[in-house]
Amino acid sequence: MSVANLGYVVLQMKEPDAWRGFCEDVLGLAAVDRNGPDGAVFLRMDEAPFRYLVLPGEEDRCLGGGWDTGTEANFNALTARLEQIGAAVEHGDDEDAALRAVKRFASSTDPSGNRFELYFGRSEGAPFTPGHGISEFVTGDMGLGHIVLPAPVFQETIDFYQEHLGFAVSDDLTLPGFAPEAPDQRVYFMHADNPRHHSLALYNFPNPVGLVHLMTEVREIDEVGCALDRAKKADIPIIASIGRHSYENDHMFSFYMMGPGGFAMEFGCGGKRVDDWSKYKSTVTTNGDVWGHEYSFPEADA
């Protein structure tokens, strides 16, 4: 009993149109008109009604990923399990379900305070063609990509997703700390019930916007390179150069950029697929990359 994939992400921004411009001008997504709160932005990347919902608010913050449970029975079982362990589960009303284009949804938080949503019965939108000559985004049954969340309450948060939402480990990565005496960095990569190497990853440090990064995947290397050119032309900070993740991890060819509001985005192609998880042996690694991905974070405003 597990979630199927990452169906959508809800962000809150002081300037939602900034994310709209970033997604359209750089990523190749497209805004769509839907009934919603004044100032809300809905962004499409495939036949789904939308993949990103950006709500106006007083601070920039990730409000959570929407996890597709596949069926009503699985939705009921997962929400009941959360309630049984004492997690606060808030069932959304019909208006908020319609906002998400789903039949039913519920929200809760993990032990590190990350909000998330569970849903089932999402409607489909019209056919979609990405912008900037992109052939298609790699989505479908694998969802929109992956999300990496801050998890300072690390082991308890890992246990929560594995024991109560059905995620399983793909790779457990340990990296040196930011300074010689600093704690190691750990990233715990977890797969859902689909072939994507990981739909969720947990990072053992906090993050001010409640999100480490999101990932968007395309089909071709040239589409990644052109996106990098567009990002540079738009003065989007590049926080990790072009590189290839390790064979033991998802082997994604990608770069990372800092989008508006402090929301980071990985843009890549060639991610690993695992068609039969029963034959997969999870990995424990200490090197995240084959080459590249040199990190350079923008300085915070004084």
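The legends below describe close-up views of a predicted model. Residues are numbered from 1 along each chain as its sequence is written, and side-chain values use heavy atoms, with hydrogens and water left out. Because the model is predicted, local features need pLDDT of at least 70 and side-chain atom pairs count only at pLDDT 80 or more, while totals for chains, interfaces and linings use all residues.

**View 1. The open sheet of ten strands.** The strand order is β17-β10-β11-β12-β9-β13-β16-β15-β14-β18, with mixed pairing. Strands (E, at least two residues) and helices (H or I, at least four) are DSSP runs numbered from the N terminus, and two strands pair if DSSP finds at least two bridges between them. β17 (283-285) and β18 (289-292) are the edge strands; each has a single partner strand, so one side of each lacks a neighbour in the sheet. On average, neighbouring strands are turned by 20° against each other, direction ignored.

**View 2. The pairing of β14 with β18.** Strand β14 (residues 238-245) pairs with β18 in the antiparallel sense over three bridges. Arg244 stands opposite Trp291 in β18.

**View 3. Helices across the sheet strands.** Helix α1 (residues 16-27) lies across β13 (213-218), β15 (253-258) and β16 (264-269), at about 20° to β16. Helix α4 (residues 154-165) lies across β9 (147-150), β10 (168-175), β11 (185-191) and β12 (200-203), at about 5° to β11. Axes are lines fitted to C-alpha atoms, for helices over the stretch in contact, and angles run from 0 to 180 degrees between N-to-C directions.

**View 4. The packing of α1 with α5.** Helix α5 (residues 221-233) packs against α1 at an angle of about 130°, with the axes 9 Å apart. Contact (heavy atoms within 4.5 Å) is made by Asp25, Val26 and Leu27 of α1 and by Ala227, Arg230 and Ala231 of α5.

**View 5. The largest pocket.** Its volume is about 950 Å³, taken as the space filled by probe spheres set on grid points joined across faces, edges and corners. A pocket is an open set of points on a 1 Å grid where a 1.4 Å probe fits, with protein on both sides within 12 Å along at least five of seven lines; lining residues have an atom within 4 Å of a point. Of the 33 lining residues, Gln185, Tyr203, Val212, Tyr295 and Phe297 lie nearest the centre. β11 gives the largest share of the lining, three residues.
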